[in-house]
Amino acid sequence: MALLEVAGLHAGYGALQVLHEVDLTVDDGDITVILGANGAGKTTLLRALSGMLPARGSVTYDGTELLGRRRNPARMGIAHVPQGRGTFGTLTVEENLRVAGYHRPAREVESSIRRWQEFFPRLGERADQPAAGLSGGEQQMLAIARALMSAPRLLLLDEPSLGLAPKTTRGLFEGLKRINDETGLTMLLVEQNARLTLAIADHAIVISAGRTGEKRPAAQMWQDETIQRAYLGD
Amino acid sequence: MTLFLQQIVDGLSSGALYAATALSLVLVYRASGFLNFAQAEMATFGTFVVWQLWIWGVPLWAAVSLSLVLSFFGGALMERTLIRPLTRSASHLTLIIVTLGVMLILLNGAGWIFDFGVKEFPSVLGGPVVELGPAVISRQSLVVICTVFLLAAALWVLFQHTRIGLVMRAAVDNPESADLMGLPTGTVLTISWGLAAAIGTLMGVLVAPQVFLAPGMLLPTLIYSFTAAILGGLDSPQGAIVGGFIVGISENLAGSYLPGIGADFKQAVALAIIMAVLLFKSEGLFGTKGVIRV
Amino acid sequence: MSMLAALHRHRPRLAVSRWSSWLLVIVVLGYLLYTPLVSVPFANTQKSLIFSYALVGLGLNLLTGLTGQISLGHGAFFALGAYLCAVLVGNEGWFYLSAVPVAGVVGFALGYLFGRPALRLQGLALALVTLALALVTPSVIKRLDGITQGREGIILDIAEPPSFVSLDQDQWIYYVNLLILVAGFVVCERLSRGHIGRSMIGVRDNENVAMTLGIRPATVKTRVFAFSAAMAAIGGVTYAYAIQFVGPEAFGLDLAIAFITVIVVGGLTSNAGAVLGAVFIVYMPSWTQEINQSAAGIGYGVALVLCMLVLPAGLIGLVRIVGHPLVRRVPFLGPNR
Ligand SMILES: Nc1ncnc2c1ncn2[C@@H]1O[C@H](COP(=O)(O)OP(=O)(O)OP(=O)(O)O)[C@@H](O)[C@H]1O
Ligand SMILES: [Mg+2]
């Protein structure tokens, strides 16, 4: 069953139209990846989904239409890890997590904090340090853990591999996969790094110049020659 | 020596007075990243409301409570109607001008309603002066000093140890992320403005017996309050207090010991402090680095 | 909301045909030259005062409107000019017009000295420093009582009309101030167009881009600040002519806010707006004083808030809203084809 269904989505910045007729579905419990080059409109797509950009078309989430509603998608269980992470540098690591649980009961928040600190041990070790002092990889973990603190049903991730060493990225992606296996959390991931993402994804969609292609099983995408040439560098 | 001690004690009294407005300035700065130039006049207006109720025979504590509530809503209303529509799009220039406009409206509004004459205002704690060794201090001043400390402590707890404070800090740190996470940034902003207004009124009530209630009663101290807030670091309640006391004490000492400074020239010292802090150490004594763009 | 958006829309200055702009200049100047002959002294003094505020407004318009740097402290330079005039002309007996170049030079120099460090600050920090300057001005004047006569102030009787004209003093001073304003206006018009104007706007809109174009923002900002300080000082001289008295309390926070009101209500970025703003702040109190003595202050405050919320282009914006359709429709009014 589709948790998220996007049909005929148009969005952009003022007069600049970036997304043209984007269609895609994300199935409940899946990791879906959207592959696209720089400037393809990946970030724009995620921003439109979480209501940060005005958009036309239709975005159905769990059976309700999101576009044209005033309600913040974050309050409906959609968590967004923005490109560049957007952590609160002046807050401590633990405060970053705590503030993300704002809408949940206090008891759940405390146990959630402990849970994600165990999952990402580095965040536990650095709990009382200001987030600005974390390394790039740690920042990304924090951004993801922070998104998870709101107990979302759908996690949007914008290029989590950006600026990370391949090894760090691999660890991070394994972590995402593990979360998906353990909790069944649905994820929509946009990436340029096809090799690593296709390894953990269930489905993949290509976006180029603001238009989406067909959704295909990740394993099948892996075989595709054009994809190999464009994203795997062979 | 006695004179010297007395100067220090007087410095503490006036320092508390400066810190009072500085605390409200800091609270608004914390929440919205700019200074409300109308803050002092809002406090004066709130104090006038207390005075009017008291004249009408309402007991002082009830009058103060009522005015605190009204001030809270006044501050919140100002944020919602005048500040909010501008914060996203506008520059500092616009916001400074709007708060200056509000200052003029309140100053002259108070003059219109209550006239510009000086009003007698009841002390919360009357009675003879308290002797501190050879120096003396009025009971009311002691109350002011204690209240300022309590308020600073309360604000510190608010910022560091409450959910609202956490959201406030997050919203200032990265407004876009805070919105993206669905944090109630707007509500928190409104609450901050309301609280700042209420704190202003409370302090206005406490200092009114000393400075004499009149429209613009806090204007002569405004420059010292700004100096205190900047010296302390603009986003730090402790800083506002320490800044207030430093300014109060040094202003008193300079006024009587440095030849050529005199009562009138003291304000120029404040200007020099503001300029020096902003140019060379813009985070002040206790502020966060980069707290103000210079 | 769409109404609001319409008010907020940026409108360029009116493009009118050459002869109609000359006609406008002739009509306005004709009115200005004629009217003191048939007005009571009070009305003339009021207009002389408008001219002095307009001079300050012109300088501030370059600084704030075009270069984007706020100053709440120009009351200090205005006071400087007024006191220079009072001391040199009133007490030392210099020729009264000599105060104009002296104030210009001293104002420029002190503006430069203050602006050099101050303009390393921006936005709120700059506003605070200049606000502090405005707040300390009265006490500095009182402190320097050996020169300024402190609280008492200095009563003047200067700028006598020369014997060969048969004008009263208020009329003569009106013409002197008008002449200085016209000269200042022409200078500011020239400065705000062409190369210098573009570099100011460049600094305002994006300092980094300006730098790549070979503009040095720090230099531009400091010079414009010094120039606007000189304009304010000259405005102060004309103020002393008009009022014939200087005293410390006239130069405090109220004046600082009045100056901001001049450029905001008139319309930032427009020289003509600065003059309209000066008209506003001088006449506003006389329109409202029958209601209450506080009404003028409230009027200023409401005007500031309203301008920021609904009419960022100020009075000149209103003129343009009405003017643009007019220029387009009425034949001969529009630019020659
Ligand atoms: N804030 C903005 N204002 C105007 N145009 C923008 C803005 N952000 C992005 N764009 C434009 O929209 C297009 C798509 O940008 P987008 O950020 O969605 O790309 P992306 O696929 O996320 O690229 P990358 O992999 O580099 O992050 C680009 O042409 C970009 O120039
Ligand atoms: Mg992107």
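A residue is near a molecule if one of its heavy atoms lies within 4 Å of it. The model on screen is predicted, so local features need pLDDT of at least 70 and side-chain atom pairs count only at pLDDT 80 or more, while totals for chains, interfaces and linings use all residues. Residues are numbered from 1 along each chain as its sequence is written, chains are lettered from A and ligands numbered from 1 in the order in which they are written, and side-chain values use heavy atoms, without hydrogens and water.

Select ligand 1 and its shell: of the 14 residues around ligand 1, those that come nearest are Asn38(A), Lys42(A), Thr43(A), Thr44(A) and Glu159(A). By class, this shell holds five nonpolar, seven polar and two charged residues (Ala, Val, Leu, Ile, Met, Phe, Trp, Tyr, Cys and Pro count as nonpolar, Asp, Glu, Lys and Arg as charged, the others, Gly among them, as polar).

Colour helix H1 (42-49) and strand E2 (16-27) of chain A, the elements that give two or more residues to the shell around ligand 1; H1(A) gives the most, with three residues. Helices (H or I, at least four residues) and strands (E, at least two) are DSSP runs, numbered from the N terminus.

Finally, move to chain B and select Thr147(B), which is placed in helix H5 (residues 139-161).
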